[in-house]
Amino acid sequence: RPGPKYWQNRADHLIEASLDTATHTITGIQRVTYRNNSPDSLTYIWFQMDQNQTLPDSRAALSTPAPPAGRPSRPPIITTGDVLGRVELLPASARTQGLKAKGTAATHVVTDTRMRINLARPLAPGAAQDVLIEWSFVVPTQGRGGREKVAKGWIYELAQWFPRPCVYDHVRGWNTDPYIGQGEFYTEFGDYDVSMTVPASHILAATGVLQNPKDVLTPTQQERFTRSLTSDKAVMIVDSAEVMAPGSRPKTGGNLTWRFKAQNVRDFAVATSQSYIWDAAGWQGISCQSVYPQEALPLWRQSTDMNRFTIEQHSTMWYRYPYPVSINANGPVGGMEYPMIVFCRERRNEFGLFGVTTHEVGHNWFPMIVNSNERRYTWMDEGLNTFIQYYSELKRYPERTPQRGPAKNIIDYMKYPIQNPLMAHSDRVIGLGNNGYSKPAAGLVLLRDQILGPERFDAAFKEYINRWAFKHPQPWDFFRTMDNAAGEDLAWFWRGWFYSIGVMDQGIDSVAVVDSLGGSYARISLSSNEELVMPVKLQVTYADGSTERRDLPVEVWLKSNHFTSGMLLPKKVVAVQLDPEGKMPDVRPENNVWSAPGTTPPDLP
C-alpha cells in the first residue's frame with residue numbers, strides 16, 4: 001500500500017483552444033500549474049508532446065518497418081506535429097490573470113515527443129510553477145485521435161492533443177519514454193478548465209461537466225438533458241432529424257465556445273462534429289451519454305444503454321465510478337479511452353459494439369482511476385481491464401463465452417516460440433493483443449475462478465483498487481496487495497505467468513489401485529513437465545459411474561516436478577482425469593487421463 005511518506009506531483013490545466021474546420025487545425029493556449037509534492041528540488045519539467053509522433057522524422061515513423069515484400073505500404077500518418085508559440089514561466093502572483101498573464105520566456109528543448117522546460121530557479125518541495133504554452137497542430141486522419149468525413153461533415157476526436165507534464169515519481173524520477181505508439185500514456189492527476197471554440201453547428205462532448213449549457217444548447221436541448229439525468233432509458237437530446245436543422249442550435253452561423261471542468265483526472269479528450277446525434281440516460285446521478293453520426297444508426301441507439309450497463313456493473317462489482325459523466329463517442333478511432341469519454345468505431349455488430357464499449361468505458365477504472373504507467377506496462381491497464389470486461393460480457397450475454405478470459409483460448413499463443421513476458425516494456429511487446437490483453441486477463445480469471453476462489457480474489461482485487469485509486473501503482477504493488485489481502489504467497493503464480501513465458505503440462509504417469517475396506521487405495525503418480533506450475537485439479541470416476549473431485553495444492557511441486565499422491569477412496573476406481581472441466585492452460589491434455597484396463601476413458605473437455 002502507499003506508505004506514510006507516499007507522494008505524487010500534480011498538474012492543473014487552464015486551456016483555451018479553437019478548431020478551424022477549413023484547415024483541420026487546432027490552436028490553443030494553456031496554463032499549467034505544476035505542483036512539486038516530492039522531497040526533491042526540480043530544475044526542469046519534462047512535457048509529453050504526443051502530436052509529434054506524426055512528424056516524418058519522429059522515432060515512431062523512423063522505427064516503423066517496411067511492409068513485407070509484395071504487400072502495399074500503408075502511408076504514414078504525417079501532420080505538422082506541435083507547432084509552438086510562446087513558452088513562458090509565469091509568477092504565482094499572476095495566477096489570477098489566467099491566460100492573459102505575461103511571463104518570462106523559458107529555455108526549452110523539444111526532443112521527438114518530449115519537451116524539457118528549464119526553470120529559472122529550482123522548484124522546491126511543496127512549491128508550484130506556472131507554465132504558459134501556445135501551440136497548434138493539424139488533426140491527423142488517424143491515430144489515438146483523428147478525423148473522419150461523414151455524410152454531414154467531419155468528426156474530430158482530439159486525444160493526447162496538448163502538452164502534458166511527464167510523471168515525476170518515486171521509482172524512476174522523470175518518466176520520459178518517447179511516444180512510439182504501442183505504449184499509451186502516463187500522466188499526473190489534476191483539475192481541468194477547458195474552453196473549446198468550434199462552429200456553432202457542432203455538438204461537442206468532452207471530459208468533465210459542461211459549464212455553460214445556456215450558451216451552446218437550445219432551451220429544448222437543456223430540458224431534455226436535465227430529464228435524461230433521472231431516466232434509465234436514453235433520452236434524445238439531438239435526434240437524427242434535428243442534425244443541422246434550422247432551430248437545432250442556439251445560432252446558425254459563426255462559432256460557439258463550450259466550456260468544461262473536470263476534477264482530479266489524468267487527461268482530457270474531446271469529440272466534436274456537426275453530424276452528431278446525441279442521447280443520454282442516468283445512473284445514480286451519473287450522466288451516461290452517446291454521440292454518433294447517422295452512419296452509426298441503428299446500432300448506436302443501444303450505445304447509451306451499454307455505457308450505463310458498464311458503469312453499473314463495474315461500480316457494483318469492483319469500485320464505485322467517481323465521476324459525474326461517462327460518454328461514448330463514435331468516430332474514426334477504433335477504440336481508445338480517456339477520463340469520462342471513450343472513442344468507439346464499431347457500427348455494424350451488437351456484440352462488437354458492446355465489447356468495445358464495455359472495454360473502453362472499463363478503462364475508467366484501469367488506468368484512469370488506478371493510474372498505472374501504461375507506456376511501460378501494458379498489462380496493468382489493458383490486462384486488468386480485459387479481466388473485468390470478461391465478467392461484464394458474461395453478465396450481459398450469459399449465453400456467450402467471451403473470447404478473452406478462458407485459459408484454453410490462450411494456449412496456442414503460449415506455445416508460440418516468439419513472445420515476451422508480460423513484464424516486457426509496452427513498446428517491445430510482440431503480439432500486443434495476446435500479450436497485453438488476453439494472457440493477463442486469462443491469468444486473472446484462472447487466479448479468481450480456479451486458484452483463490454471468487455470470495456478471496458474479489459476482496460483482494462477491490463483492496464488493490466481502494467489502496468491505489470488516484471495514485472501511481474507499480475506492478476509489484478499489485479502482486480503484493482493480492483498476496484497480502486488474499487492471504488496467499490502467490491510468488492509462483494506471478495513468476496510463472498507474468499515474468500516468464502513458460503507453459504503448463506501436467507500429466508498422469510501411472511495409477512496403481514488396491515482394493516481396501518470396501519473401497520480402494522490409489523497411488524496416483526503425477527508430473528509437471530514444463531516450467532509453469534499450477535494446482536492439480538483431479539476427478540476420480542468410480543465403477544458405478546459416479547465422480548468425485550480430489551484437488552491438490554500447488555505445493556505438491558515444491559521439491560520436484562514428480563509427485564505421487566496416495567488417496568483412500570470409498571469405491572472402486574476406474575478412471576482418473578486431470579483438469580476435467582478444461583479450465584487450466586494445459587498444452588498437452590492427451591496425457592491427462594488414466595483408465596483401468598477394459599474401461600472407456602473419460603472424454604477430454
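# Briefing: overall fold and selected residues

Setting aside residues up to four places away in sequence, R224 touches V235, M236, I237, V238 and E242, where contact means heavy atoms within 4.5 Å. This is a predicted model, in which local features need pLDDT of at least 70 and side-chain atom pairs count only at pLDDT 80 or more, while totals for chains, interfaces and linings use all residues. Residues are numbered from 1 along each chain as its sequence is written, and side-chain values use heavy atoms, with hydrogens and water left out.

**Overall architecture**

- The protein chain contains 12 helices and 31 strands; these are DSSP runs numbered from the N terminus, with helices being H or I over at least four residues and strands being E over at least two.
- The radius of gyration of the protein chain is 28 Å, close to the 25 Å that the globule rule gives for 605 residues, so the chain is as compact as a globular protein of that length. The radius is taken over C-alpha atoms, and the rule is 2.2 Å times the number of residues to the power 0.38.
- Taken along the principal axes, the C-alpha atoms of the protein chain fill a box of roughly 90 × 55 × 55 Å.
- Of the contacts in the protein chain between residues at least 6 apart in sequence, 74% join residues at least 24 apart.

**Burial, surface and charge**

- Of the 605 residues in the protein chain, 58% are buried (under 20% relative accessible area; exposed is over 50%, and partly exposed lies in between, with a 1.4 Å probe and protein chains only).
- The protein chain exposes about 24,400 Å², of which carbon and sulfur atoms supply 51%. Accessible areas come from the Shrake-Rupley method with a 1.4 Å probe, and for residues only the protein chains shown count as cover.

**The loop between β3 and α1**

- T54 is located in the loop between β3 (42-48) and α1 (59-62), and Q53 lies in the loop between β3 and α1 as well.
- T54 counts as buried because its relative accessibility is 5%, whereas Q53, at 22%, counts as partly exposed.
- A polar atom of the T54 side chain lies 2.8 Å from the backbone oxygen of Q51.
- Beyond its neighbours within four places in sequence, T54 is in contact with I77, I78, T79, G81 and P140.
- Q53 touches S58, A60, T113, Y179, I180 and G181, again leaving out residues up to four places away in sequence.
- Although Q53 and Y179 are 126 residues apart along the chain, their C-alpha atoms are separated by 6.6 Å.

- R224 belongs to helix α3 (residues 219-228) and is buried, with a relative accessible area of 17%.
- The C-alpha atoms of R224 and D279 are separated by 9.1 Å, and these residues are 55 apart along the chain.
- S438 is part of helix α9 (residues 432-452) and is buried, with a relative accessible area of 9%.
- The side chains of S438 and R404 make a polar contact at 3.0 Å. A polar contact is a pair of N or O atoms within 3.5 Å; within protein, one must be able to donate a hydrogen and the other to accept it, and residues adjacent in sequence count only if both atoms are side-chain atoms.
- Apart from neighbours within four places in sequence, S438 is in contact with R404, I410 and G433.

**Backbone geometry**

- The peptide bond from L297 to P298 is cis, with omega near 0°; P298 is in the loop between β21 (286-292) and α4 (303-317).
- The peptide bond from F366 to P367 is also cis, with omega near 15°, and P367 is found in helix α6 (residues 364-369).
- Q160, a residue other than glycine, has a positive phi near 50°. Q160 sits in the loop between β10 (153-158) and β11 (164-165) and counts as buried at 2% relative accessibility.
- M340 is not a glycine, yet has a positive phi of about 70°. M340 is placed in the loop between β23 (335-338) and β24 (341-344) and is buried, with a relative accessible area of 2%.
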